[in-house]
Structure formats: structure tokens, C-alpha cells
Amino acid sequence: MRNYTGWKFPPVFNDKGTEVEMVSDHIDIRESLLILFSTHPGERPVNINFGCNLRQYLFKRLTIQLVQDIKYTIHEAITNFEKRIEVMETNINEENEKEGKFLSIQILYRIKETGEIGEFNYQSETE
């Protein structure tokens, strides 16, 4: 696998404050997904389309159709902005949502270059 390297998220600097801590490979992919899921389209002036528009689903009543819409939004964002992976499965745990807390999202993915399987877990925003 190519050595993909990127900034740790959130960014952390060394003791001297001169270098940003870096992460590689699987960790880099997971942190890239965290950035993607946490960014709302329009927040990045250089790339206004970047992000996964999960906020549009806040405060909506959870239905089977809404779960499918959320899965579609996630798949499209990953397809457009995280080309290193292919989504194999998306699961949404609705238990906590019913208590008014959050949605737990689990993504099972395959790294295209190596065929390795990875997992990413995300909890949606509550506000």
C-alpha cells in the first residue's frame, strides 16, 4: 500500500510548536473520513462542495426513507471525496436517536489498492 500521510485530526503540534503530527495509511483514511463527515458543504472556501451534508437530517423524524437518504448522502460523499476506498456496507444504529441523542454510523470499507478491509465509526452531531 502506498504510504498515505496526512495531518492528525484535530491538528496537534510537537513540543516546539514547529511541526504538525502526521498519521499514515489506515489512520489517515479514518481521519480523512472524520473530516469529511464533520464538514458541511460550503465551509471550505477553496472547495465549497467538500463535505457530507448530514446536518440536513437533524431534527427530522427517523423513517426508513430517511435512513436510506442518509446512507445515500454518505455514499456520495465518500465516492466524491475519498477515492482510496469503496464502501461495502453502511449501518445506522437508531437506538440512541430515539432517545434524542445521536445516530451512530458504521462504515465498512475496502481499500481499493490493497483490498484490505477497514471500519469507520461516526456519531452524528446532536446540535
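Residues count as buried under 20% relative accessible area, as exposed over 50%, and as partly exposed in between (1.4 Å probe, protein chains only). The model is predicted: local features need pLDDT of at least 70, side-chain atom pairs count only at pLDDT 80 or more, and totals for chains, interfaces and linings use all residues. Residues are numbered from 1 along each chain as its sequence is written, and side-chain values use heavy atoms, with hydrogens and water left out.

Helices (H or I, at least four residues) and strands (E, at least two) are DSSP runs, numbered from the N terminus. Two strands pair if DSSP finds at least two bridges between them. β5 pairs with strand β4 (residues 104–111) in the antiparallel sense, over seven bridges. Leucine 108 has glutamate 119 of β5 as its bridge partner. The hairpin of β4 and β5 has five residues between the strands. There, glycine 115 takes a positive phi near 80°.

Aromatic rings of Phe, Tyr and Trp (its six-membered ring) pair if their centres lie within 6.5 Å; planes under 30 degrees apart count as stacked, over 60 as edge-to-face and the rest as tilted. The structure holds four aromatic pairs. One of them joins phenylalanine 37 and phenylalanine 120, edge-to-face, at 5.2 Å centre to centre and 75° between the planes. This pair links distant parts of the chain, 83 residues apart: phenylalanine 37 sits in helix α1 (residues 25–38), phenylalanine 120 in strand β5 (residues 117–123). Phenylalanine 50 counts as buried, at 10% relative accessibility. Phenylalanine 81 is partly exposed, at 27%. Phe37, Phe120 and Tyr122 form one aromatic cluster.

Helix α2 has a buried side, with Leu66, Val67, Ile70, Thr73, Ile74, Ala77 and Ile78. These residues cover an arc of only 125° around the axis, which puts them on the same side of α2. The arc is that of the directions from the helix axis to the C-beta atoms. The face turned away from this buried side carries the exposed residues Ile64, Gln65 and Tyr72.
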